[in-house]
Amino acid sequence: MLRRPRRNRYSKAIRDLAQETYLQVTDFIAPLFLIEGNGQPEPVSSMPGVYRLPIDKLVDECIELFETGIRAVLLFPCPKTKYKNPAGSYALDANNFLFSTISRIKSTVPELTVMTDVALDPYTTHGHDGVLDGGGDVDNDRTVEILSKMSILHAQAGADFVAPSDMMDGRVQAIRESLDAKEFHKVGIMAYSAKYASAFYGPFREAVGSGKKSSPKSASDSETVYLDKKTYQLHPANSREALLEAELDEKEGADILMIKPAGPYLDILSQIKEITSLPLAAYQVSGEYAQIHAAAKLGWLDLHPVRDESLLAIKRAGANMIISYFAKEMAQALR
């Protein structure tokens, strides 16, 4: 045989030379859950090693992340029930603890890029990503107005990027115009461009308390009804719809496009890579993280090799940056 591809795999040295894709510390964005006050971290039961962090502990975590080589964090506030209402008005409250936290991070670790989630689901009692209309669906245009105001407040607090995760039509352009009108020209937008109505978000919804599931339909009904976001998040069966959303976000002024979830949608990531020159982010979501840990705990998978392979696949498919709950330990492992 003239061609023997195995010749390039016979030793580790040769395999290293022929390796096509590499993970680097600077590929990772660390998602962080934030709670009010200066108490103790609260473990997220469905996500081993993940905590909701009070402000002082979160700032300390940001210092540690930066020291390991991580250069960006994505913040998710977890407000108490008393701050929630159907309109999600705490999102625009000047006393929202998210704003003071952003300022503290930027004053303590100024070179760390702070990205902030822009959506109403942590703040609404119903758990949807926007305000509801009379029929119980999310009101697109009213929600976009609120998201634009949220983005300005995040920018004023010191956020480097806002990350609208709501999937409302037209929100990227509205946010860009609002930021520019206030001369926040340097604040970027990382758009959740292809965010699917996925079943992999359960642990995240537990972490932020955003309506993971609703009550039974009636007192005699034991069935649990999961919160339905299908009128604004993408259908898992569709790919061309994701390409349309990505193209629209780019035209509306997004600086980074995101695909979420990452692992089950590597084909979408690869397809979007072909149609844009913008950087791509992929979010390895809570369910992906939790299932790897669960299988490893049962002895069905080897945790670290599976972790590494899952992340390498995301990079290979075209991601320039990866949002993952494995970010810190990967940074430590890579160093």
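Let's start with Asp-60, which sits in helix α2, residues 55-68. Keep in mind that this is a predicted model. Is Asp-60 buried, partly exposed or exposed? Its relative accessible area is 40%. Buried means under 20% and exposed means over 50%, so Asp-60 counts as partly exposed. Now look across to Thr-108. In sequence, Asp-60 and Thr-108 are 48 residues apart. In space, their C-alpha atoms are 9.2 Å apart.

Next, the largest pocket. It holds about 390 Å³ of space. In total, 20 residues line this pocket. Closest to its centre are Leu-32, Gly-49, Val-50, Glu-61 and Lys-328. Which elements give two or more residues to the lining? They are β1, β3 (51-54), α2 and α11 (327-334). So helix α2, where Asp-60 has its place, is one of those elements.

On to the core. Nonpolar side chains tend to be buried together in soluble globular proteins. Here, the largest nonpolar core has 102 residues. Which of them touch the most other members? Phe-33, Val-73, Leu-74, Leu-75, Met-190, Ile-272 and Tyr-283. Strand β1, residues 28-35, gives this core its largest share, 7 residues.

Last stop, Thr-116. You'll find Thr-116 in strand β5, residues 113-118. Its relative accessible area is 0%, so Thr-116 is buried. What does Thr-116 contact, leaving aside neighbours within four places in sequence? The partners are Leu-74, Leu-75, Ile-102, His-154, Ala-159, Phe-161, Val-162 and Ala-163.

Notes: Residues are numbered from 1 along each chain as its sequence is written. This is a predicted model: local features need pLDDT of at least 70, side-chain atom pairs count only at pLDDT 80 or more; totals for chains, interfaces and linings use all residues. Side-chain values use heavy atoms; hydrogens and water are left out. Helices (H or I, at least four residues) and strands (E, at least two) are DSSP runs, numbered from the N terminus. Buried means under 20% relative accessible area, exposed over 50%, partly exposed in between (1.4 Å probe, protein chains only). Contact means heavy atoms within 4.5 Å. A nonpolar core is a set of buried Ala, Val, Leu, Ile, Met, Phe, Trp, Tyr and Cys residues joined through side-chain atoms within 4.5 Å. On a 1 Å grid over the protein atoms alone, a cavity is a set of points where a 1.4 Å probe fits but cannot get out, and a pocket is an open set with protein on both sides within 12 Å along at least five of seven lines; lining residues have an atom within 4 Å of a point. Grid points are joined across faces, edges and corners, and a volume is the space filled by probe spheres set on the points.
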